[in-house]
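Welcome, and please open your viewer with the selection panel at hand. We will walk through the strands and then the pockets.

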Amino acid sequence: MKESVAPSQALVADVFARACTSRSTFEDIAGKWPSLILIALGEGSQRFGELRARVDGVSERMLAQSLRTLERDGMITRTAHAEVPPRVDYALTELGAQVATRLRDLADVLEAAVPVVTEARARYDA
């Protein structure tokens, strides 16, 4: 009779575990700019300038850095077109679309809760 062996800790995905890939990916997408970029790309493929205009307040540097991180994590694709002037489009992957949908849901809850949050902040600050 063969003994059952627990899977190696390295094979178990656990966002609470410091060394887990899911945790570092969570950190990559949970920041302000990556989350907003994913939500914006949930509206459709966009160019760098379009994303910069859509995500109000993001600097070129932070946008470029966030896009590289999201591409590395498999959340977005970057398509360079051989045109003059050069054109690059960013779009969600299947995984990115799943994440963006959940982030959009969270954003919807938070937008609807603005009056509640405003009141709670006023009570707390008083």
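Here is the tour, stop by stop.

This is a predicted model, in which local features need pLDDT of at least 70, side-chain atom pairs count only at pLDDT 80 or more, and totals for chains, interfaces and linings use all residues. Residues are numbered from 1 along each chain as its sequence is written, and side-chain values use heavy atoms, with hydrogens and water left out.

**The strands**

Select residues 76-81, strand β2, together with β3, residues 87-92. Helices (H or I, at least four residues) and strands (E, at least two) are DSSP runs, numbered from the N terminus. β2 and β3 pair in the antiparallel sense over six bridges; pairing requires that DSSP find at least two bridges between two strands. Five residues separate them in a hairpin, and T77 faces A91 of β3.

**The largest pocket**

Next, show S35, L36, I39, R104 and A107, the closest to the centre of the largest pocket among its 14 lining residues. A pocket is an open set of points on a 1 Å grid over the protein atoms alone, where a 1.4 Å probe fits, with protein on both sides within 12 Å along at least five of seven lines; lining residues have an atom within 4 Å of a point.

Finally, select S22, T25, F26, I29, A30, M75, L95, V99, R102 and L103, which line the second largest pocket. Both α1 (21-30) and α5 give two or more residues here, and α1 gives the most, with five.
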